[in-house]
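Open the model in your viewer and get ready to select side chains one pair at a time.

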Amino acid sequence: MATVDTERFRLRNFVDRLVESGECEVHDKPIDLVDVGGVLEGNPKAVLFKSAGPEKAELVGNVMASRKRIALALDTDERSLLGTLSKRLNTLHPPIKVSSQQAPVQQVVLKDDEADLCALPVHLQHAADGAPYISAGIDYAMIPGTGFTNVGCRRIMLRGPRQAGVDLIAPSDMRAIYLEGAAKKEPVPVAYAVGSHPADYLAAMTAIPNVDELAITGAIRGQPVPVVKCVTNDIYVPADAEYVIEGYLDPAGHVEPEGPFGEYVGYYGVVKRNPVLHITAITHREDALFQTLTIGGRALARTDTAQLSAMKTETAAWAALMASVREPLAVYATPSSGGMYNVRVSLRQRVPGDAKNAIAAIFGSHAEAKHVFAYDPDIDVFSDAESDWAFATRFQADRDLVTGTGFRVVPLDPSLGGARTGAKLGFDCTMPFGKANLLEFTVPTPPVAKKAASYKSVEEALAAGPASFLELMAALDSKDGREIVRTLDLLYVAKQLGRDEDGRYVLKSDGK
């Protein structure tokens, strides 16, 4: 039997790396499940609870709630994350099937009455949530007629030990698969991995048409994913996950009241009707680590969903930019906007209008951005300060605002007021084309004297041609400058000194 690595992309091992690097705090003391949300809310670090709930289960949260930690998962840094992700997506790796004996996630198999959702450390995340939610579920389902696996992210609201509500309102491949089955009055088998490496979540939020999406997971991991057949259906799931929940979606349709729930936009989603999930099995590692994702609240930038959404948005925006402008340089979706609504892009404009083309391209992409800000190459789009400065000093509303209406929207945006389409705004925060080298658009920097031809006097230096004050200092090897001011004053009095249009000093001939 060939050896298969089921530890490299194990969540627990990644969490150990976070602890070692100071990116994860460890809570050794027992904690009630109702208090978990308060510890995670706005926490800049991941949190490992060693004794959660009366079962004293191990639970981890906030694993992907910072760009730095997601970058660490792909062995890169924050600014290189999009490039690394895009490069990996160019090479798909089909999964490798393994036996149950090779799959740590099936070390413990629970069926029938033993498959109890209420035995898992599932906590109430927000004060007005309808019930405790499993928020870290990655769903796996077969795409009818293809033999391919669909992979996505789905939340699960507990309604009992073996039943739950599953969010299938927003347009998605999983929704389409379910509706096709429901139309035939057929239950739809599904499986959820809970406790996965960040690479798997990035894959679950990436769409590439007409491929087995387990190969996308392999692409982002950089190697094939070991997968094992579920114990109660024919779906293959990652063999190195911590937990897998198996079941089927009831074909009765969107009948189960689900919600409310604190959504990734920072507000509550109202009660909706959704399908019922029936549990058929729960499998897990012997030392399984349960996972929860942070969603919603005021500190959106420190939630898993905002950071993951930002990567999805940036990937879609980058693909659109590559097809529409010659030289895009960087993209950043602000996590404080939910990782979706506000997008910044920097580019080098080759021709007039490039910046507005970039804005329009992102408007029409799967990035789903509402507001797009375009910047020059000198602006660091990851910097709030630099972006705000360029917005303040290079943007004129009557000239640089791009508006549009009737666009596809994400229904959870509360500002829509129930509308099914929405508006978008673009902000061209670039300098007027071709004027970047003008003095009025030159950014002041501290003086640095450069080596230059040496002269014995100010008069001799200016006789060689116009010079700025710093150039005069360099020409006379001055480290002070005040003695040059005295000489310039004498030249003024003698009516021998003038200034050109750029402010450089020039010698006058015959006092003219």
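Start by selecting Arg10 and Glu242, which form a salt bridge with their closest N and O atoms 2.7 Å apart. A salt bridge here is a side-chain nitrogen of Lys or Arg within 4 Å of a carboxyl oxygen of Asp or Glu. Arg10 lies in the segment before α1 (11-20) and Glu242 in the loop between β13 (236-238) and β14 (243-249), so this pair ties together parts that are 232 residues apart in sequence. Helices (H or I, at least four residues) and strands (E, at least two) are DSSP runs, numbered from the N terminus. Arg10 and Glu242 are both buried, where buried means under 20% relative accessible area, exposed over 50%, and partly exposed in between (1.4 Å probe, protein chains only).

A word on what you are looking at: this is a predicted model, in which local features need pLDDT of at least 70, side-chain atom pairs count only at pLDDT 80 or more, and totals for chains, interfaces and linings use all residues. Residues are numbered from 1 along each chain as its sequence is written, and side-chain values use heavy atoms, with hydrogens and water left out.

The model's count comes to 34 salt bridges.

Next, select Glu263 and Arg155, whose side chains meet in a salt bridge at 2.6 Å, N to O. Glu263 is in the loop between β16 (261-262) and β17 (268-269), while Arg155 is in the loop between β8 (149-153) and β9 (156-158), 108 residues apart. Are these two buried or exposed? Both Glu263 and Arg155 are buried.

For another salt bridge, pick Lys356 and Asp400, with closest N and O atoms 3.9 Å apart. This pair links helix α9 (residues 354-363) to helix α11 (residues 397-400). Lys356 counts as partly exposed at 31% relative accessibility, whereas Asp400, at 4%, counts as buried.

Time for some rings. Select Tyr133 and Phe261: their ring centres are 4.1 Å apart and their planes are at 40°, so the pair is tilted. Rings of Phe, Tyr and Trp (its six-membered ring) pair if their centres lie within 6.5 Å; planes under 30 degrees apart count as stacked, over 60 as edge-to-face and the rest as tilted. Tyr133 sits in strand β6 (residues 133-134) and Phe261 in strand β16, 128 residues apart. Tyr133 counts as buried at 1% relative accessibility, and Phe261 is buried at 1% too.

Move on to Tyr332 and Phe382, another tilted pair, with ring centres 4.8 Å apart and planes at 40°. Then highlight Phe373, Phe391, Phe395 and Phe427, which ring pairs link into a cluster.

Which residue has its charged end over the ring of Tyr505? Select Arg499, whose charged end sits 4.3 Å from that ring's centre. A charge sits over a ring if NZ of Lys or CZ of Arg is within 6 Å of the ring centre and within 35 degrees of the ring normal. Lys370 likewise has its charged end over the ring of Tyr341, 5.4 Å from the centre.
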